[in-house]
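Please read the following report alongside the sequence and the model. It is written for a reader who wants to relate individual side chains to the fold.

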Amino acid sequence: MKKTILGLLAITAVSSASAASYVGGSVGSGATMHYQTDLTGSSAMRYGLNLDATNFNFNRDNVSVGGSVDYLGDFVGTGSALGGLTPYYGLGLGAGVVLGEGGGVSVYPHGTLGLRYNVTDPLSFFVEGNVGPRITVGGPNASNTRLGSGARIGLNYRLP
C-alpha cells in the first residue's frame with residue numbers, strides 16, 4: 001500500500017512538472033499582468049490582474065481595477081498553415097471595482113479570440129479581442145448592463 005501511494009505521488013509530480021507556466025502582460029483597452037499555466041498541449045488557464053478602461057475610454061467613470069480568469073484553447077491543426085501564428089479562443093470571467101462617481105462593482109463574462117506567435121522558446125507575443133456583457137452594480141445608476149469589448153497586445157515569457 002505504501003509503495004502504491006508513493007508511486008501515485010511520483011506520477012502526479014511528474015505530470016504537473018511537465019505543464020509549462022508563463023508570466024506576462026498586455027496593453028490595449030487596459031493594462032494587465034498575468035500568470036498562465038498549460039492544462040494540456042493545446043489549452044491553458046490565465047489569471048490576470050487588470051486595470052481596465054471600458055471601451056478604451058480612460059475617464060474616471062470608466063476605469064475598473066480587478067482580475068480575470070480565462071480558459072484558452074488553441075484551434076488545433078491551424079498553426080503551420082498560418083506562418084507560425086496560432087489562433088486561439090477563450091472563455092473568461094472578469095470582475096472589478098469601478099472607480100469614479102459613486103464607485104460600483106462590475107462583472108464581465110466574455111469570449112476571446114486571439115493569435116499567438118512564438119518568437120523563440122521562452123518568448124511569445126499575442127493579440128486578442130474579447131466581447132461580452134458588462135454588468136455594473138452601484139454608482140450613479142442602480143444597475144447598468146451594456147455590451148463590453150476590449151482588445152490588447154501582449155507578451156508571454158515561459159518560466160524555466
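Predicted model: local features only at pLDDT ≥ 70, side-chain atom pairs only at ≥ 80, totals over all residues.

Residues are numbered from 1 along each chain as its sequence is written, and side-chain values use heavy atoms, with hydrogens and water left out.

**The chain as a whole**

The protein chain has one helix and eight strands, where helices (H or I, at least four residues) and strands (E, at least two) are DSSP runs numbered from the N terminus. Read from the N terminus, the order of these elements is α-β-β-β-β-β-β-β-β. Of the 160 residues, 34% count as buried; buried means under 20% relative accessible area, exposed means over 50%, and partly exposed lies in between, for a 1.4 Å probe and protein chains only. The chain exposes about 9,100 Å², of which carbon and sulfur atoms supply 69%; accessible areas come from the Shrake-Rupley method with a 1.4 Å probe, and for residues only the protein chains shown count as cover. Among contacts (heavy atoms within 4.5 Å) with a separation of 6 or more, 49% are between residues 24 or more positions apart.

**Salt bridges**

Side chains of opposite charge can pair when their charged atoms come close. The structure holds three salt bridges, each defined as a side-chain nitrogen of Lys or Arg within 4 Å of a carboxyl oxygen of Asp or Glu.

| Salt bridge | Distance, N to O |
|---|---|
| Arg46 and Glu128 | 2.8 Å |
| Arg116 and Asp74 | 3.0 Å |
| Arg152 and Glu128 | 2.9 Å |

What links Arg46, Glu128 and Arg152? These three residues are joined in a network of salt bridges. In the pair of Arg46 and Glu128, Arg46 lies in strand β3 (residues 43-53) and Glu128 in strand β7, so the pair ties together parts that are 82 residues apart in sequence. Arg46 counts as buried, at 3% relative accessibility, and Glu128 counts as buried, at 3% relative accessibility. For the salt bridge of Arg152 and Glu128, Arg152 lies in strand β8 and Glu128 in strand β7, so this pair ties together parts that are 24 residues apart in sequence. Arg152 is buried too, with a relative accessibility of 15%.

Turning to Arg116 and Asp74, which meet in a salt bridge, Arg116 belongs to strand β6 and Asp74 to strand β4, so the pair ties together parts that are 42 residues apart in sequence. Both Arg116 and Asp74 are buried.

**Aromatic rings**

Arg134 lies over the face of Tyr108, at 4.3 Å from the ring centre.

The structure holds one aromatic pair, the term being used for rings of Phe, Tyr and Trp (its six-membered ring) whose centres lie within 6.5 Å, with planes under 30 degrees apart counted as stacked, over 60 as edge-to-face and the rest as tilted. Phe75 and Tyr89 form this tilted pair, at 5.1 Å centre to centre and with 55° between the planes. Phe75 lies in the loop between β4 (63-74) and β5 (85-99) and Tyr89 in strand β5, so the pair ties together parts that are 14 residues apart in sequence. Phe75 is partly exposed, with a relative accessible area of 37%, and Tyr89 is partly exposed at 32% relative accessibility.

**A nonpolar patch and strand β6**

A nonpolar surface patch of about 810 Å² is made by Val27, Leu82, Leu85, Leu115, Tyr117, Val119, Phe125, Val127, Ile153 and Leu155. Elements giving two or more residues to the patch are β6, β7 (123-137) and β8 (143-158), and the largest share, three residues, comes from β6. Patches are made of residues with over 30% relative accessible area and no salt bridge, like charges being joined within 9 Å and nonpolar side chains (Val, Leu, Ile, Met, Phe, Trp, Tyr) within 5 Å.

Thr112, found in strand β6 (residues 105-120), counts as buried at 5% relative accessibility. Leaving aside its neighbours within four places in sequence, Thr112 is in contact with Asp70, Tyr88, Tyr89, Gly90, Glu128, Gly129 and Asn130.

Technical notes: Lys NZ or Arg CZ within 6 Å of the ring centre and 35° of its normal.
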